[in-house]
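Please consult the sequence and the model as you read.

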Amino acid sequence: MTVYAYVDGPLGEMLLVGRLAPGGRVVLRSLSLPGQKGAVAVEDGWTLAPGAFEEVAGQLREYFAGARERFELACDDRAGTEFQRRVWRALEEVPYGSTVSYGEIARRVGSAGAGVRAVGTAIGRNPLLVVRPCHRVIGADGALRGYAAGIERKEHLLGLEGVLV
């Protein structure tokens, strides 16, 4: 069963989407922000279930308060292509408070050189903004580039993590 909830945060009202696993625990499938390129929209047949997302919402509050550096959530790992999943796993290894370039992520997934474009596309399709930290990926020249929810939000997240002074 697909469930969803809305959670307020400093980036706007976040749409959380997941599926209920045995025992009632939610497996997070998507976190979208208002105005996000490629954002998920609620579909017919989905169930509004704010209570199912209490743990997710709590960890998000802790992160935005500066009290959490890593999320410990059950996330759906069936989304995307095998290449996208490799890129997304590489994103999860970028430590809080640091950044890497798109080229570095490409190198880590064995797709250096011309593969940087493909890595950028895969990062742009990350369904778990904030939780899977694609905001920590920047241009080789240090410029903030390509955040599906807008550069100002990327800047906010990096500022929260102490990367931008």
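Strands (E, at least two residues) and helices (H or I, at least four) are DSSP runs, numbered from the N terminus, and two strands pair if DSSP finds at least two bridges between them. This is a predicted model, in which local features need pLDDT of at least 70, side-chain atom pairs count only at pLDDT 80 or more, and totals for chains, interfaces and linings use all residues. Residues are numbered from 1 along each chain as its sequence is written, and side-chain values use heavy atoms, with hydrogens and water left out.

Q: In which sense do strand 1 and strand 2 pair?
A: Strands of a sheet pair through backbone hydrogen bonds, either parallel or antiparallel. Strand 1 covers residues 2-7 and strand 2 covers residues 14-20. Six bridges join them, and the sense is antiparallel.

Q: What is the order of the strands in the open sheet?
A: The sheet has four strands with mixed pairing. Strand 3 (26-32) and strand 4 (47-48) are its edge strands, since each pairs on one side only. The order is 3-2-1-4.

Q: How many disulfides does a search of the whole structure find?
A: A disulfide is a pair of cysteine sulfur atoms within 2.5 Å. The cysteine sulfur closest to that of cysteine 75 belongs to cysteine 134 and is 13 Å away, too far for a bond. The search of the whole structure finds zero.

Q: Is cysteine 134 buried or exposed?
A: Buried means under 20% relative accessible area, exposed over 50%, and partly exposed in between (1.4 Å probe, protein chains only). Cysteine 75, at 26%, is partly exposed. Cysteine 134 has a relative accessible area of 3% and is therefore buried.
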